[in-house]
There are 4 protein chains.
Amino acid sequence: MAVDLSHSPDVAELVDRTRAFVRDVVVPLEEQHGGVARTEEVRTELQRAAKDAGVFAPHVSPEYGGHGLDMCGRAAVFEEAGYSLFGPLALNIAAPDEGNMHMLEAIATEEQKQRYLRPLANGQVRSCFAMTEPAPGAGSDPAALTTHAVRDGDGWRINGRKWFITGADGAAFAICMARTSGSAGRTEGATMFLVDADNPGMRLVRHIDTLDESLYGGHMEVVFEDCLVPDEAVLGEVDEGFRYAQVRLGPARMTHCMRWLGIARRAQDIAVARASEREVFGSRLGELGMVQQMIADNEIDIAASRGLITQACWELDRGRSAAQSTSVAKTFCAEAVWRCVDRALQICGSLGVSGDILLSRFLREVRPFRIYDGPSETHRWSIARRVLRRHDKESTR
Amino acid sequence: MAVDLSHSPDVAELVDRTRAFVRDVVVPLEEQHGGVARTEEVRTELQRAAKDAGVFAPHVSPEYGGHGLDMCGRAAVFEEAGYSLFGPLALNIAAPDEGNMHMLEAIATEEQKQRYLRPLANGQVRSCFAMTEPAPGAGSDPAALTTHAVRDGDGWRINGRKWFITGADGAAFAICMARTSGSAGRTEGATMFLVDADNPGMRLVRHIDTLDESLYGGHMEVVFEDCLVPDEAVLGEVDEGFRYAQVRLGPARMTHCMRWLGIARRAQDIAVARASEREVFGSRLGELGMVQQMIADNEIDIAASRGLITQACWELDRGRSAAQSTSVAKTFCAEAVWRCVDRALQICGSLGVSGDILLSRFLREVRPFRIYDGPSETHRWSIARRVLRRHDKESTR
Amino acid sequence: MAVDLSHSPDVAELVDRTRAFVRDVVVPLEEQHGGVARTEEVRTELQRAAKDAGVFAPHVSPEYGGHGLDMCGRAAVFEEAGYSLFGPLALNIAAPDEGNMHMLEAIATEEQKQRYLRPLANGQVRSCFAMTEPAPGAGSDPAALTTHAVRDGDGWRINGRKWFITGADGAAFAICMARTSGSAGRTEGATMFLVDADNPGMRLVRHIDTLDESLYGGHMEVVFEDCLVPDEAVLGEVDEGFRYAQVRLGPARMTHCMRWLGIARRAQDIAVARASEREVFGSRLGELGMVQQMIADNEIDIAASRGLITQACWELDRGRSAAQSTSVAKTFCAEAVWRCVDRALQICGSLGVSGDILLSRFLREVRPFRIYDGPSETHRWSIARRVLRRHDKESTR
Amino acid sequence: MAVDLSHSPDVAELVDRTRAFVRDVVVPLEEQHGGVARTEEVRTELQRAAKDAGVFAPHVSPEYGGHGLDMCGRAAVFEEAGYSLFGPLALNIAAPDEGNMHMLEAIATEEQKQRYLRPLANGQVRSCFAMTEPAPGAGSDPAALTTHAVRDGDGWRINGRKWFITGADGAAFAICMARTSGSAGRTEGATMFLVDADNPGMRLVRHIDTLDESLYGGHMEVVFEDCLVPDEAVLGEVDEGFRYAQVRLGPARMTHCMRWLGIARRAQDIAVARASEREVFGSRLGELGMVQQMIADNEIDIAASRGLITQACWELDRGRSAAQSTSVAKTFCAEAVWRCVDRALQICGSLGVSGDILLSRFLREVRPFRIYDGPSETHRWSIARRVLRRHDKESTR
């Protein structure tokens, strides 16, 4: 036993295969569509290709057709997939489906798995996760949850308004988080419900027009109005929703980082190629010190992000809560990826702000990551409070 | 004589009137159109309203229907206009028309003024400035100019390719910069030509899809192919184009800063309003230290930007070249405005990335300003070289 | 009336004279002593030279032997003086004497002026300002003031502990701020007292060993123990101390900025000279892009600092409170000056960290300025709160 | 085989023992001496205690009395030792001895090991590494090496001037790098020589007064004047000095990072303790958002530094050159550690700039690390060039 950063041969080979697949198959399609997949045809084509290449659903257990990667393995493969905005869709590891599969594997009943996880894992259907609400509801503060569910006969009646529900348009089902006890402000008393898309009580109100546009199915506002679901729709235990949210959010936070790290690398590669070719003021762009500084800072940000992801994933793989290390990694990565794309765009100049290359698209896609999954400020607050609590505990020992 | 930062009563009153006009008339229209004016109806309506409010064309001399403001006066009025993306269009001080009027007033013949400046100044027509070229032509390095004009009978024949020609779509004429002597890499031998839009030798090739979208008429790629113009089309003297470019670019650099400073203030106001109302984790958002820090940093960035603009404008008003102070101000403002909008968006969270408010639109609009009008890196390079030359000169005295 | 950034001929001439004096007389002495004046001989020599050069006490009214500069005039002259760590001492405008003179001129009785201001203004004696206290007393939060004074016969009895009392060692008198009513936490009920150094109730406890060392007389811990003072020792009105503190602190905050801005310029000059001479990797250091970036950023920081100082001084000269603009200027300048010195040191490499040049001395001197006179965090908090209050007021109108 | 960040039980236990030793024995001595060990008594006392605690010389092979840690093991133990400025001296892993032992183990002859390594490893003597020279010699550009050695009878005659020779005062021998072929500017033709301190040709000229003061033996200027050494003084092969420098510098770069990371953690602990106790404006300091932000950013910087060190050490342990990953880690760590200490000092306010706690001492010690061992700019330049070369190679395949 000693520190080791290498992967098993199986994982290493999957990483290589994913890299080649993304470069040869996915990137050309992405460039052709300007980075935004808008039709089922595109999604189907991408996923068929991923299955052919043997890289589909790497995170799902073999039982459901996947490669059963642990978090450290995902870190390497997802980064490769994330090298293209279309990669995660192709491998069926895009948000929110990937996180939903993770949660379903962890807490669904066997019956629920057959009904919801199986078709989701093989790409037959998509899903969404209905947690966040417009102010003053659950946003950066999940405890503010206002959507509630009450007993109604043998089932439950859900009422509430959700927004920024990614992938809702076209999803076969939603996992909806609603308060079943306690009041807004308490971090207990929530329950997860599986709601089929054809439930008349669930209404897709509107597409929210957002800076980012690449997440398939968009971000929607969804209303639950006297939405009746049977008891079998309860995912896990009643009133344990906040705990499950953590089960989902910790790893999901990391998979976001892995995917966006891929985009940071891609942006860097585009900028480096430009810096290598473009001449200005009589020099190759890449020979100018301020450009070199941006290239080096990207390299540093990418390496540091990877190191923090590894640390958090290793803790998660050992069954630890990893609350601190995932917050640390998420905060750093969200800002580092943003810096990388911003620098890459700056290096490319007016070409970078044009649609002739994808950098301005990437810039739009990564900006919200500093807000989604907990704004940097919320994470910093949590990080500091944990440090202070640790100090207080140690100093009173 | 002593330091004085106040404006004359006339200017102060124009500033107030502009502020009220923008708040009451322009912002509502801007919000209705999502910040992007796409039709002549909108432009006409805005400019009619500005004329009614007595705030139209503040920079043009009274002879051509304006208020004849000097640069310091413009600084105050343009900032107010820039508070809305639609303000500059309403006042007829948007790029590139505003800079073209400035240059025409400075160097056009009387006849050219009547033909080009007059209708431009009253908003009857629009114009464009055809200088920048795709790589390896004139971009951040104007000396790389490749478009050229040669004598042809009594006139000139222009050939070359331009891109990022703002406002080209619908412009009545272009001011085209072409090389009439010397070779690419030399900063002499360029000439400015007035080219009518109906000249068959000038072709609008395509709209460049850019991150920013609010500059009326878009950014186009324009080709000059055996474009014949008469001798009267020469603006100023033959071979003096690089000097005129400086005449235009120094002040234009500042007017960009003034307008974008308005957007920084607007973003701050939106964020402060949000911070004042929104509750999270049991506190008003504005009571949280990290939010206060962002609000304070915006306040500092806005104040510092204004101070640098004032310095540069004061030098320009006294007839100095102001090359260093305009570079300093442009570099700082472009980055400060960007930071302000970014922080404002962060404060507003997911609402900020949604189209429900205009912050993500602002973010898209201001990003390119760190590249347009000379990337920050080019300006920093110039600034440092001037400092070093000054040192070398002083130390050898 | 219009924006004007030029000085009257008198002030302009004093600026030039100060610049020459500092360069020719002060800098050589400063370098000889490593930037720290430790004896009365040095102070006397410096002040005699300043008197000879006609640049002594520029801030004091002519009645007391000075040039009677307003704040805008001081901004220009103090920056020149601040170009050397010894300059302020030479001109008798060093902290805390300069701020004490300002306050004495504003609120002392005629008798107090003759007794305290006159000898202070001509450099015969020095003084200190005893406000700050160790935790949990008055530090970044003046309201926490715990030192108190109670009536005792015809006079007052002061008790309390002060620290970071600059210049205490050798001062002829202290201006001591003590609570005369109200309790800790209230920003009212303080009074200013003039305490002679030979008062047996005032004891200099120890020199605090600090990162900075250049303020003459050091930073001391001072104890007031049953310190009896007569009624005539009250400076201004009883219980008005917090108001007077603001009278002193607003301008004092700016004069700190002016002086340190001089050091930023000096650091830049040293770095530029080095960048101009030193060759590395086959290039002149100043030709390397990353070095140029640091030089340019220094230039930008210096210009922005100056603009913010001008804005605040202009408001102060017009009799405004300038609370917001002095906070903005102080916060930015303290951080900008720090960045400038840090970059200059970086440019000079190992020479920069050596005592062979003064940069590491400057670094030590300017670091505390981000804490003294209100930490950046306290100022940001104040700035944001003012912005939010302004918003709340406007939105309820 | 899979990713694993845990240490073997032996190493883990040594880490714990080192942590306890530093906390219980080293920190009290460090605080007593203000962080600067100035006498052999202190050094001897520290090393005897480390031997007693079984934590001495962890990096040296068991044959020479150490624990034989690989680089990953060192990373964990050195960070614990670095928690105090006195820790590295105690464990005999301070610069430059630690790096010299590493190089001697790698390339010395058996006889040289007995004579130089053995007494060095057990703390009996100290050593120095004479590579860097004043401008225009070998500084951030080692190729500029000007000190040269020529054949003289059976030995060599060395001439040249070195500066910033850490630990020279009191060292029993120096490893001197001198040019034996080629000319200044070439990265070949250097040779390493072992020079005994009593060699009359080696003169310690002066102590360089530096911002940092904690490296035992200081930084000296050393002159080699007709310094005669026998052939057995050659370390490794003639003309292979640049290659050996890399053997030494890569790992030495990392061990610097490990030690300084310990100081970053220490600074954070001091600041957190302060934030936990100190009340201001009616709140505990640690409840204020801007303070929480600084605490969180420290936590992030520390975690990211550790991740980058791990990556580089793992590569070194596998025998890779690790040139890129050590440059990336060094650049990030030097700046991150600096930021951590700076933030910690800011949190502590005026107490932080006082000598009452050690933060201002730490600030002085870590600042030069952004320059020593290659300035950040040089590393960024190398990093970018490697990225560009990699691109050029891949794109021409």
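What follows is a short exchange on this predicted model.

Colleague: What relation holds between chain B and chain C?

Modeller: Chain B can be laid on chain C with an RMSD of 0.0 Å, by a turn of 180° and a shift of 0.0 Å along the axis. The relation is therefore that of a two-fold axis.

Colleague: Which helix of chain B gives the most residues to the side that touches chain C?

Modeller: The contact joins 38 residues of chain B to 38 residues of chain C. On the side of chain B, the elements that give two or more residues are helix 7, helix 8, helix 9 (323-353) and helix 11 (376-395). The residues of that side divide into 22 nonpolar, 12 polar and 4 charged. With 13 residues, the one that gives the most is helix 8 of chain B.

Colleague: Is helix 3 of chain B mostly covered or uncovered, and how many of its residues are buried?

Modeller: Helix 3 of chain B has buried residues that include B:Arg74, B:Phe78 and B:Glu79. These buried residues pack against helix 1 (9-32), helix 4 (87-91), helix 7 (241-277) and helix 8 (289-317) of chain B. Helix 3, at residues 71-81, is mostly covered, and the count of buried residues is 11 of its 11.

Terms used. Residues are numbered from 1 along each chain as its sequence is written. Chains are lettered from A and ligands numbered from 1 in the order in which they are written. This is a predicted model: local features need pLDDT of at least 70, side-chain atom pairs count only at pLDDT 80 or more; totals for chains, interfaces and linings use all residues. Copies are superposed by least squares on the C-alpha atoms of residues with pLDDT of at least 70 in both. A residue is buried if 20 or more other C-beta atoms lie within 10 Å of its own, exposed if 12 or fewer, and partly exposed in between; C-beta atoms are placed from the backbone. Helices (H or I, at least four residues) and strands (E, at least two) are DSSP runs, numbered from the N terminus. Two residues are in contact if their C-beta atoms, placed from the backbone, lie within 7 Å. Ala, Val, Leu, Ile, Met, Phe, Trp, Tyr, Cys and Pro count as nonpolar, Asp, Glu, Lys and Arg as charged, and the others, Gly among them, as polar.
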